[in-house]
Amino acid sequence: MDQHIADYAPLNRYKRDFELTTPSEHWRLFGEISDAVQASGKGLGDIHYALKNGQTTPLMHEAEIIHLQDVANLIDVFYWIGSGCVLLWLGLLAVAYWQQLMAPPTRQVLLGFLMAALIIALVVLLIGPRSVFYWLHVQVFPDGHQWFFYYEESLMTTLMKAPDIFAFITLLLVTLLIALWCLSVYGVNRLLNKSA
C-alpha cells in the first residue's frame with residue numbers, strides 16, 4: 001500500500017501532500033472509511049489527513065463521498081436482507097424440527113453448494129472479474145453517481161488500491177460464507193436427524 005501511495009498520491013489533481021503521510025496514518029484513514037461505511041455513511045465527510053504545514057484537509061472530494069455513501073446504503077440493504085434470511089431460516093428450521101422432518105444428507109447438500117459456487121466462479125473467470133465488477137457497479141449504483149476513479153483523482157482509490165482490494169475482500173467473504181454454510185448444514189442435519 002505504501003509504495004502505491006508514494007507512486008500515485010503526488011499525481012492527485014485535487015489533493016496534495018498525501019504522499020507525506022505515514023503508514024500508521026494510512027491504516028487509520030482506511031479504518032475510518034471502513035467504520036463510516038459500516039455506520040450508514042456517518043462521518044464520511046469528517047475524515048481528514050494532515051498537510052505538511054500542520055493543517056488538516058478532507059481526504060475525499062464530493063464524488064468520492066457520494067460513492068461511499070452509495071456503498072454504505074448498499075451494505076445497509078444487505079444487512080436487512082441478511083437479517084430477514086436468518087429469521088426465515090430459523091422459522092423454517094423450527095417448523096422442520098416440530099414436524100420431525102429429515103434433513104437431506106449433509107454430503108449431498110454440501111456437494112451441491114460447492115458445485116454451484118464452482119460454477120459461479122468459473123463463469124466469473126470466463127467473463128473476466130473486471131468485466132463482472134464493472135457490470136455490477138453499473139447495475140447497482142444510481143445513474144449519474146461516479147463509481148470509477150482513477151488513482152490520479154481519488155485518494156480513496158489510491159489508499160485502498162482499488163479495485164485490487166476487492167478481489168481479496170471477495171475471496172475472504174466467499175471463504176467465510178462457505179465455512180458458515182458448511183457448519184450450518186452440518187448442525188441442521190444433526191439437529192433434524194437426531195429429533196426424527
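1. Let me start with the aromatic residues: Phe133, Tyr134, Trp147, Phe148, Tyr150 and Phe166 are joined into a cluster by ring pairs. Here rings of Phe, Tyr and Trp (its six-membered ring) pair if their centres lie within 6.5 Å; planes under 30 degrees apart are called stacked, over 60 edge-to-face, and the rest tilted. By this rule there are ten aromatic pairs.

2. A word on what you are looking at: this is a predicted model, in which local features need pLDDT of at least 70 and side-chain atom pairs count only at pLDDT 80 or more, while totals for chains, interfaces and linings use all residues. Residues are numbered from 1 along each chain as its sequence is written, and side-chain values use heavy atoms, with hydrogens and water left out.

3. One of the ring pairs is worth a look on your screen. The ring centres of Tyr8 and Tyr151 are 4.8 Å apart and their planes stand at 50°, so this pair is tilted. Tyr8 belongs to helix H1 (residues 2–8) and Tyr151 to the loop between helix H5 (129–140) and helix H6 (155–160), so the pair ties together parts that are 143 residues apart in sequence. Helices are DSSP runs (H or I, at least four residues), numbered from the N terminus. Tyr8 is partly exposed, at 27% relative accessible area, whereas Tyr151 is buried, at 17%. For these words, buried means under 20% relative accessible area, exposed over 50%, and partly exposed in between (1.4 Å probe, protein chains only).

4. Trp147 and Phe148 make another ring pair: their centres are 6.2 Å apart and their planes are at 90°, so the pair is edge-to-face. Phe148 is partly exposed, with a relative accessible area of 34%. Both Trp147 and Phe148 belong to the cluster from my opening point.

5. Next, the salt bridges, of which the structure holds four. The term stands for a side-chain nitrogen of Lys or Arg within 4 Å of a carboxyl oxygen of Asp or Glu. One of them joins the side chains of Glu153 and Arg13 (3.7 Å, N to O). Glu153 sits in the loop between H5 and H6 and Arg13 in the loop between H1 and H2, so the pair ties together parts that are 140 residues apart in sequence. The Glu153 end is buried, with a relative accessible area of 11%, while Arg13 is exposed, at 57%.

6. Which residues are linked in a network of salt bridges? They are Glu25, Arg28 and Glu32. Between Arg28 and Glu25 the closest N and O atoms are 2.7 Å apart, and between Arg28 and Glu32 the salt bridge is given as 2.4 Å, N to O. Arg28 and Glu25 are three residues apart in helix H2, a separation of about one helical turn; Arg28 and Glu32 are four residues apart in that helix, also about one turn.

7. Helix H2 itself passes a simple geometry check. At 1.5 Å a residue, the 16 residues of H2 (residues 23–38) should span 22 Å, and the end C-alpha atoms are 23 Å apart, which agrees; the expected span is 1.5 Å times one less than the number of residues. Its buried residues are Glu25, His26, Leu29, Phe30, Ile33, Ala36 and Val37. Viewed down the axis of H2, these fall within an arc of 135°, so they line one face of the helix; the arc is taken from the directions from the axis to the C-beta atoms. The face turned away from that buried side carries the exposed residues Ser24, Trp27 and Asp35. Just after H2, Ser40 has a positive phi of about 60°.

8. The check works for helix H4 too: its 22 residues (residues 106–127) should span 32 Å, and its end C-alpha atoms are 32 Å apart. Thr106, Leu110 and Phe113 are its buried residues, and they fall within an arc of 65° seen down the axis, so they line one face of H4. On the other side, Arg107, Gln108, Leu126 and Ile127 are exposed. Gly128 follows H4 with a positive phi, near 110°.

9. Finally, Met115, Leu118, Ile119, Leu122, Val123, Leu125 and Ile127 form a nonpolar surface patch with about 680 Å² of accessible area together. Patches are made of residues with over 30% relative accessible area and no salt bridge, nonpolar side chains (Val, Leu, Ile, Met, Phe, Trp, Tyr) being joined within 5 Å and like charges within 9 Å; accessible areas come from the Shrake-Rupley method with a 1.4 Å probe, and for residues only the protein chains shown count as cover. Leu125, one of the patch residues, lies in helix H4 and is exposed, with a relative accessible area of 59%.

Methods. Helices (H or I, at least four residues) and strands (E, at least two) are DSSP runs, numbered from the N terminus.
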